[in-house]
Structure formats: structure tokens, C-alpha cells
Amino acid sequence: MNKTMLISMLTAAAAVSGMVPAVAAVSADEAAKLKSELTPFGGQKAGNADGSIPAWTGGYTQPIPGDKPGGRRGDPFKDEKPLYSINAKNADQYAAKLSDGTRAMLKKYPDSFRVDVYPSHRTAAAPQWVYDNTFKNATRARLNNDVIEGAYGGIPFPIPKSGAEAISNHSLRWRGTTWQWQATQYQLTADGKAVLTTEGQADQQMPYYFEDGSPEQFAKKNEFWLIRLINTGPPIRAGEAIVGRNQVDGSKDQAWVYLTGQRRVRKLPNPCCDTPAPATAGVMSFDELETWAGRIDRFDWTLVGKQEMVIPYNGNKLLQPKTDAEVLGAHHLNPDHVRWELHRVWVIEAKLRQGQRHQAVRSRYYCDEDTWNCVLGDRWDANGQLWRTLWSQTFVAPDLPGTVIGAMGVNDLLTGQAYVANLYNSKPVQYAIKPRLPDTVFTPDAMAGEGIR
């Protein structure tokens with residue numbers, strides 16, 4: 001057997017078994033573009049032809065008037081007015097720049113849902129050490145059988161070559177190292193009633209972004225995201241809690257819940273995929289949080305390409321009202337408080353992998369080129385119907401610096417029900433940057449010790 005034939009046979013066998021050899025993302029020459037024509041995170045630095053998308057010049061890093069460190073946040077663009085509004089009557093005119101889900105919402109709620117499009121601002125920013133790590137990741141990070149290897153402290157694949165790499169950038173996007181929020185969450189019933197399902201405080205931490213770490217240290221645990229959520233309301237759920245520890249190998253994710261009725265902690269058997277997420281009263285699944293979250297091995301991913309889209313962006317406007325009632329509509333957020341902008345996004349499609357099971361057989365995600373926040377997503381069911389549309393609101397946080405996801409949610413286009421998570425409006429703390437917390441904070445033992453009833 002000659003050498004060429006042997007290599008071909010081994011490659012074919014690896015592909016059949018799913019154990020495709022790991023390959024570095026890009027060459028050193030291509031990575032050099034991150035210091036010239038591309039932003040440090042891989043976005044196109046130049047604006048578009050007609051100037052409606054400006055050039056990236058470093059992002060938004062100056063203090064915002066009205067910001068209170070550790071408290072409520074101001075709006076850097078509070079004096080701006082919409083350039084135009086998209087509604088059910090003129091939606092066809094803008095169809096090429098709208099997601100399927102956005103068009104479906106305009107059609108389903110013609111009297112209440114609209115898209116107010118404001119001037120575009122490329123506010124994405126991060127510390128220099130995150131940029132430096134992203135540059136290193138471009139040539140050292142790889143996907144090995146759906147598991148990220150070699151990446152640390154930055155976007156893993158700033159010049160993505162596949163859909164799996166692109167969606168992994170969203171999972172490991174920059175959003176700070178340690179932060180806390182206080183929020184409320186609501187189920188919006190099909191008949192237009194808002195039902196409070198969750199009120200509480202969350203502490204979150206990303207060991208992947210410890211500034212003094214390294215790929216070698218990170219690889220010892222591979223835990224990139226930790227969360228602890230303690231419920232203070234509504235009364236029936238007060239005292240409940242959840243702790244989660246997510247790994248780059250999603251099959252090893254762990255989560256525990258504290259149940260007040262049983263006064264004990266239980267480990268969740270399957271905190272992934274289309275399993276209902278307890279933090280959203282089971283209305284959203286684990287992999288719908290922040291548009292997309294979790295393991296990627298249930299789907300085959302395709303990088304469709306990049307296009308200009310109208311998406312939620314720079315939504316500090318949503319943080320300004322001081323009551324939830326002001327921002328909640330009957331079936332969706334009140335459009336008066338939602339800001340949309342024109343940006344370039346990566347379009348990523350996911351199709352159910354052969355031999356896997358999931359309620360959504362096909363999905364499409366729209367991920368901002370500057371931040372890697374996937375802010376819109378659509379899911380189709382087994383009958384080929386557009387089933388659910390997902391959204392995430394971003395806001396500018398110059399104290400990170402960064403532009404990060406705050407509120408998120410889903411609209412079921414078939415049943416008419418919806419879910420709105422992480423509203424900070426009635427709370428004094430809106431994504432407060434915190435010192436690093438001990439690892440023990442994010443353990444079931446610590447959660448059990450804090451049970452309040």
C-alpha cells in the first residue's frame with residue numbers, strides 16, 4: 001500500500017468516526033490582517049459603501065453621562081432620533097435586511113411591533129490584553145471533534161473558516177471577567193398577560209478571561225463560564241437557586257438547583273440542548289439562552305456568509321425606564337424603548353446532525369462582526385414551520401470596555417407566547433463589574449448553605 005493511499009484511507013476513517021484531525025484556524029500571514037484591514041476581533045474595519053455603516057475606530061470607551069459604577073447605566077445616544085421605522089406596511093421594502101423572525105413578528109403583530117432604526121455606531125471594544133490573546137488564538141486555536149482547543153483569553157477564531165468556529169466565537173465572546181446583575185423575568189402569555197416567573201440576583205464569572213491565566217492553566221479544567229442565580233421572587237419561587245459550570249466540551253457541563261420544597265440540592269441530569277432551563281421557568285431551553293448557548297455537537301454548522309442586517313444594538317435606551325411595565329408590551333418589548341441599527345453580521349445555519357434528536361431541526365443565527373454577539377436567531381420545527389424567534393439586546397459598557405448582551409428572550413410564532421429575561425429596569429444594579437470571586441462561590445455546597453427557606 002503506497003503512502004498516498006494510506007493517508008486517504010485514514011482520513012476517510014476519521015471522517016466517518018467524527019474524529020476529524022484538529023487543524024489550526026489560519027496562517028500567520030492571514031492572522032496579520034487583524035492588525036491592518038480587520039478589527040482585533042476579525043470584523044471588517046472599513047465602513048460600507050454608502051456610509052450607513054461607519055468604520056471601526058476603536059469602539060466606545062469614554063464614560064457615559066449618567067453612568068453610576070456598579071449601579072444604573074446611562075445612554076450615550078439618548079438625543080438621537082430614528083432614521084426610519086419599519087412596520088408591517090413597509091416591511092417588504094426592507095426585507096433583504098431583516099431576519100425571517102423579524103419579518104414574521106411584523107406580520108403577526110402589525111399594530112404593535114415595529115423596528116426603529118437609528119444611526120449605526122460601532123462601539124465594540126475590549127482591553128488590549130484580550131486583543132493580544134485573540135491575535136494569538138488565530139493561529140493556535142482549533143476545533144477538535146467539536147471541542148475548542150488551544151484558545152484562551154480572547155475570541156478563539158477571529159477569522160472563522162466554518163460555522164462551528166463562528167458560533168464558538170459567540171460562546172467565548174468578551175463580556176467581562178466577573179459581573180453581577182439584578183433582574184426580573186416574565187412569561188408573556190398568548191392572550192397578552194405578563195407573568196413574573198423569576199426575580200433575583202446573578203453572579204457570573206469567566207475563568208477563560210482571567211488576565212493572569214494561560215491556555216495551559218485553563219486546559220486543566222476547561223471551564224469557561226460560571227453562574228450562580230438566587231431567586232428572591234415571585235413568592236412561590238423565592239429561595240430557589242441554580243449554579244452552572246460550563247466547559248468548552250459541552251458534554252461535561254454541570255448544573256445544580258436548590259429546591260425550597262425539598263430543602264436540598266439536586267444535580268440536573270442534562271443541562272443542555274432543548275432541555276427546559278429552570279432559570280426561565282422552563283419556557284426557554286438551555287441552548288436558547290442569549291440566543292445561543294451550549295454544546296455544538298447536536299448540529300452540523302454552515303457559515304453562510306456576511307451581510308448587512310438591521311439588528312438590536314447599543315440598547316442602553318432600554319435600560320433607562322425604571323419600571324418593567326414601561327418596557328413590556330403585550331407580546332414583545334415596547335418598541336418605544338428598543339434601538340435597532342444597521343450592522344454587518346455573520347449568518348450561521350445549524351441543521352440537526354444525523355443520529356441526533358432536537359425539537360428544532362434547523363436554525364439560523366445572526367452574529368455581529370464586531371462583538372460576536374449573536375443577537376437574533378430563528379428556529380424551524382420538524383414540520384418545516386418557522387417556530388421560534390430569539391433575540392438579545394446589547395448595551396454599551398465602557399467600564400469593561402465592551403458592548404454586551406443584557407435582556408434576552410424568545411417569541412413562539414405558533415402559540416403566541418413569549419419570554420422576556422433579564423430586565424434590569426426596576427433594579428439598582430445593571431451589570432456591575434466585580435472583583436474576581438472564589439471558585440467555591442459557584443458550587444452546590446455554597447448554594448445549599450445560602451438556601452433561605
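**Walking through the model**

Colleague: Let's start with N422. In which strand is its place?

Modeller: Keep in mind that this is a predicted model. N422 has a positive phi of about 65 degrees although it is not a glycine. Most residues other than glycine have a negative phi. As for its place, N422 sits in residues 418-423, which is strand β17.

Colleague: And is N422 buried or exposed?

Modeller: Buried means under 20% relative accessible area. N422 comes in at 6%, so the word for N422 is buried.

Colleague: Which side chain makes a polar contact with the side chain of T291?

Modeller: T291 is buried, with a relative accessible area of 1%. Leaving aside neighbours within four places in sequence, its contacts include Y365, C374, L390 and W391. The polar contact between side chains spans 2.8 Å, and the partner of T291 is S392.

Colleague: On to cis peptide bonds. Which residue is joined to P401 by one?

Modeller: Most peptide bonds are trans. In this chain, G233 and P234 are joined by a cis bond with omega about -5 degrees, and P234 lies in the loop between β7 and β8 (241-247). P401 has its place in the loop between β15 and β16. Its cis bond, with omega also about -5 degrees, is to L400.

Colleague: Now F224: how far is it in space from T389, C-alpha to C-alpha?

Modeller: F224 is found in strand β7 (residues 223-233) and is buried, with a relative accessible area of 9%. Not counting residues up to four places away in sequence, F224 touches S171, L172 and R175, among others. T389 is 165 residues away from F224 in sequence, and the distance in space is 27 Å.

Colleague: How many residues of helix α5 are buried?

Modeller: Helix α5 covers residues 163-171, and it is largely enclosed by the rest of the structure. The buried ones include G163, E165, H170 and S171.

Colleague: Which residues are buried in helix α3?

Modeller: Helix α3 takes in residues 100-108. The cover over its buried residues includes strands such as β1 (84-86), β2 (115-117) and β12 (340-352). Under that cover, the buried residues are G101, T102, A104, M105 and L106.

Colleague: Let's zoom out. What is the radius of gyration of the chain?

Modeller: The secondary structure of the chain comes to 8 helices and 18 strands. For 453 residues the globule rule gives 22 Å, and the chain's value is close to that, so it is as compact as a globular protein of that length. The radius of gyration is 21 Å.

Colleague: And what share of the residues counts as buried?

Modeller: The C-alpha atoms fill a box of roughly 70 × 60 × 50 Å, taken along the principal axes. Among contacts between residues at least 6 apart in sequence, 65% join residues at least 24 apart. Of the 453 residues, the buried share is 57%.

Key:
Residues numbered from 1 in each chain as written. Predicted model: local features only at pLDDT ≥ 70, side-chain atom pairs only at ≥ 80, totals over all residues. Heavy atoms only, no water. Helix = DSSP H or I, 4+ residues; strand = E, 2+ residues; numbered from the N terminus. Rg over C-alpha atoms; globule rule 2.2 N^0.38 Å. Buried < 20%, exposed > 50% of the residue type's maximum accessible area, 1.4 Å probe, protein only. Contact = heavy atoms within 4.5 Å. Polar contact = N/O pair within 3.5 Å; in protein donor to acceptor, adjacent residues only side chain to side chain.
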